[in-house]
2 protein chains.
Amino acid sequence: MEPVDKIIHAKWIITGESHEPLENHALVIKADKIAAILPEQDAAKKYSAAETEHFPAHAIIPGFINAHTHIAMNYFRGIADDLALMNWLNNHIWPAEKKWVNHEFVYDASLLAMAEMIRCGTTCFNDMYFFLPATAEAAEKAGIRANIGITVLDFPTQWAQNADEYLKRGMDFYTQYKNHSLITPTMAPGHPFTVSDPTFIRIQELAETHDMKINLHLHETADEVNESIKQYKKRPIKRLNDIGLISPRLIAIHMTQLNDEDFDILKEKKPSVVHCPESNMKLASGDCAVEKLKSYGIHVALGTDGAASNNDLDMIGEMRSAALLAKLSNRHPESLPAAKTLELATINGAKVLGLDHLIGSLKAGKAADFAAIHLDEIETQPLYHPISQIVYAASRQQVTDTWVAGKRLMKNRQLLTLDEKEILQKAKEWGGKIKA
Amino acid sequence: MEPVDKIIHAKWIITGESHEPLENHALVIKADKIAAILPEQDAAKKYSAAETEHFPAHAIIPGFINAHTHIAMNYFRGIADDLALMNWLNNHIWPAEKKWVNHEFVYDASLLAMAEMIRCGTTCFNDMYFFLPATAEAAEKAGIRANIGITVLDFPTQWAQNADEYLKRGMDFYTQYKNHSLITPTMAPGHPFTVSDPTFIRIQELAETHDMKINLHLHETADEVNESIKQYKKRPIKRLNDIGLISPRLIAIHMTQLNDEDFDILKEKKPSVVHCPESNMKLASGDCAVEKLKSYGIHVALGTDGAASNNDLDMIGEMRSAALLAKLSNRHPESLPAAKTLELATINGAKVLGLDHLIGSLKAGKAADFAAIHLDEIETQPLYHPISQIVYAASRQQVTDTWVAGKRLMKNRQLLTLDEKEILQKAKEWGGKIKA
């Protein structure tokens, strides 16, 4: 009998390694890793566990990977809706950020967002914002896995005055967190229109030296493309390709405006892509051609974007939106079926982040990052196919338990690392100040 | 002091009579009606209530009106996904219906659907299916308001063999329920391609004689339109207009395929329309031009369609999908703003059903059909605008209480008229049989 920490029996385990859920299997956990997944009658014979638990009406799934967030924007959720991107940014979001965003704001708002993410089964997110140490401190407190982007812009914000200062602060952050078990620094120039060519080249060099991914909002709107043509005589993808940025190191976010010229570059250079359907719909930006990109061997993940343009961090809702939108956009009901959609939110996220050796699916040796979804509810019975039920019928509130690296962050809807009451109280206090 | 039954104090009351939520007001209920809505300090001076209740962190909203359902199809939720409409109908849904649908099935499945609807704040639905008495019996048990369609087809099902029999059974149902306080019979020919001209004409005559609405799936798919052109040399709207069916009596459901010829007829004849965005996306049918139709003075309501093609009856989720899809389709982020979207799901539903004298908004004299949504949660804080928060951030599980005609159907998430455990048990038993 091999000693382990936990044996978790579940009605279904959806490993992400195959499209068929395993019925009545057990997930065996040792320290922060998955030791085995096996039929439940075999688990008791092979392992002795400090703790055994039963989830007889649940599906265990790989934790969701939210591949594009601005989590501290949770405090701006619903402050300005139903507006065009540049009006929304120029007249609402940027002024609010200028007035309010500081270390304390980012820390408090990040805890709110992490509570929301843990409550929907998200175990890893890929963030771009300011005051990165505040986000990292919050992530350490929450126990959630985080990719944190070193934001670099060529204009001043509360966080830094110019590219030099962004990079200085960012590389200090990198040095502090580069060996952290749960936190991975990345590079994060904002938009093509907020970063100059020389700055992009410096970012690319640093990313190569330190083997970091580069997150960039790219071809999000028609306006962005048109402005680039005016200023650079090139579409943004072409401009960035000419300076060497389009590569598997790049995580290109949104990508709703792609023509044949763009596809030719993408096909050859294979950057990763993050699809944010709800944000792209809400801001009327467009739709990302997920299946076409995938057919070129490009990894496509799913992200919610910030809560100010979504307005939630709900990966179950985001999967549903992605699946429904793909069918409508392609006028093909077989587009993005349920199992492929679940991949976008799990293993594809891991591939995009370069972390698929560690997370994104459930198998022996990978990190024990997973969630339990209760399916024995009015909204998900009768049940014919668990994956269909999760993608097309379940709600985020049916997620009952969330674990990251073998540590439980939520137990039967109760947060274990965060204080829900205190987080709500802080959110109301900040909201009151911001509203006034 | 005027004696009343209940005074309900709430942080916000969203009446639907204006776009500004009333803060710290009270809803006064007498028997099945709203007696008054007034500032809470005035309520205690003017009314003495048998029962007073406080919802200090909730918004009270008009109950949702789900304007297109096939509620008994809840038992087929998730049985076949990611398929084209005709494949889905011919090879999955119709064979399953032929094998399983009977009075008992419809009764049991309807209770499941009603539990789901009450749990998301829906107080009225507009159904089309078979074994209408079973749906009506279930609605009486649940205490929910129901419009129940007299299905008429020119092909045999378990329910009837031919148009004569559908009409005979339907008119018996009409006679039984025509004076019911919560149940309203309507006419419900299925699709243009399942009903002949002579049958449409008989339906129209009966509907006029008895002042019933006529529910019809119309211009749902491009195939439907093309088949009509082949068979009748006319698009379905033109064909139906030529025999007098296109009028304010008609509730035209889906309407995703409209050209200028169609719009000319619609503009003149003003039928009502039900938009079912999630079903239309899932089946890759198309998108309904909600705002263009509204600009012609046409009433447009919101429906989920059956759970087999959605896969839920969640009106909060449906509002979100409608709002996001409108912005993307129109490439305009100001399309279908939050308050207008809430109207689709409430007062517009009442107008489409011809029940806006009674339901759809909260004001003195109207029926006490309403729901409470708890907004003091991680997912909806901070809160700047309650309507935005409901449409763009809240989940159906935040609906805590639902009332129809002054009767409480759910109290703090506990169903009061239905037995949740028994409903779940029955759903599992039926699901097991159907799956085998």
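# A tour of the two-chain model

Search the whole structure and 8 cavities of 30 Å³ or more turn up. Keep in mind that this is a predicted model.

**Stop 1: the largest cavity.** Select Asp314(A), Gly317(A), Arg320(A), Gly317(B) and Arg320(B). Of the 26 residues that line the largest cavity, these lie nearest its centre. The volume here is about 340 Å³. Now colour the helices. α10 and α12 of chain A, together with α10 (277-282) and α12 (315-329) of chain B, are the elements that each give two or more residues to this lining. What classes of residue make up the lining of the largest cavity? It divides into 8 nonpolar, 8 polar and 10 charged residues.

**Stop 2: the second largest cavity.** Move to chain B. The second largest cavity has a volume of about 80 Å³. Select its lining residues, among them Ile14(B), His19(B), Pro62(B), Leu342(B), Glu343(B) and Ile387(B). Next, highlight helix α13 (residues 338-344) of chain B. This helix gives 3 residues, the largest share of the lining. By class, the second largest cavity is lined by 6 nonpolar, 4 polar and 1 charged residues.

**Stop 3: the interface.** Show both chains. Here 65 residues of chain A are in contact with 65 residues of chain B. Between them the chains bury about 5,400 Å², and 57% of that is on carbon and sulfur atoms. Select Asp82(A), Ile378(A) and Tyr384(A). These supply 16% of the area that chain A buries against chain B, more than any other three residues.

Now look for the polar links. Across the interface, 30 residue pairs are in polar contact, with both residues at pLDDT 80 or more. Which elements of chain A give two or more residues to the side that touches chain B? They are α3 (103-119), α10 (277-282), α12 (315-329), α15 (386-392) and α16 (420-435). Pick out α16(A) among these, as it provides the largest share, 8 residues. The side of chain A that touches chain B divides into 28 nonpolar, 17 polar and 20 charged residues.

**Stop 4: salt bridges.** There are 10 salt bridges between chain A and chain B. For an example, zoom in on Arg119(A) and Glu377(B). Their side chains meet in a salt bridge, at 3.6 Å from N to O.

Over all chains, the structure holds 54 salt bridges. For a pair inside chain A, select Glu2(A) and Lys30(A). Their closest N and O atoms are 3.9 Å apart. This pair links distant parts of the chain. Glu2(A) sits in strand β1 (residues 2-13) and Lys30(A) in strand β2 (residues 22-30), 28 residues apart.

**Stop 5: backbone details.** Return to chain B and select Asn310(B) and Asn311(B). Is the peptide bond between Asn310(B) and Asn311(B) cis or trans? It is cis, with omega near 10°. Asn311(B) is placed in the loop between β12 (300-302) and α12 of chain B.

Then go to Gln381(B) and Pro382(B). A cis peptide bond joins them, and omega is about -10°. Pro382(B) lies in the loop between β13 (370-374) and α15 (386-392) of chain B.

Finish in chain A at Ala284(A). Its phi is near 60°, a positive value in a residue other than glycine. Look for Ala284(A) in the loop between α10 and α11 (290-295) of chain A.

How values were computed:
Residues are numbered from 1 along each chain as its sequence is written. Chains are lettered from A and ligands numbered from 1 in the order in which they are written. This is a predicted model: local features need pLDDT of at least 70, side-chain atom pairs count only at pLDDT 80 or more; totals for chains, interfaces and linings use all residues. Side-chain values use heavy atoms; hydrogens and water are left out. Contact means heavy atoms within 4.5 Å. Buried area is the accessible area (1.4 Å probe) that two parts lose on being put together, summed over both. A salt bridge is a side-chain nitrogen of Lys or Arg within 4 Å of a carboxyl oxygen of Asp or Glu. A polar contact is a pair of N or O atoms within 3.5 Å; within protein, one must be able to donate a hydrogen and the other to accept it, and residues adjacent in sequence count only if both atoms are side-chain atoms. Helices (H or I, at least four residues) and strands (E, at least two) are DSSP runs, numbered from the N terminus. Ala, Val, Leu, Ile, Met, Phe, Trp, Tyr, Cys and Pro count as nonpolar, Asp, Glu, Lys and Arg as charged, and the others, Gly among them, as polar. On a 1 Å grid over the protein atoms alone, a cavity is a set of points where a 1.4 Å probe fits but cannot get out, and a pocket is an open set with protein on both sides within 12 Å along at least five of seven lines; lining residues have an atom within 4 Å of a point. Grid points are joined across faces, edges and corners, and a volume is the space filled by probe spheres set on the points.
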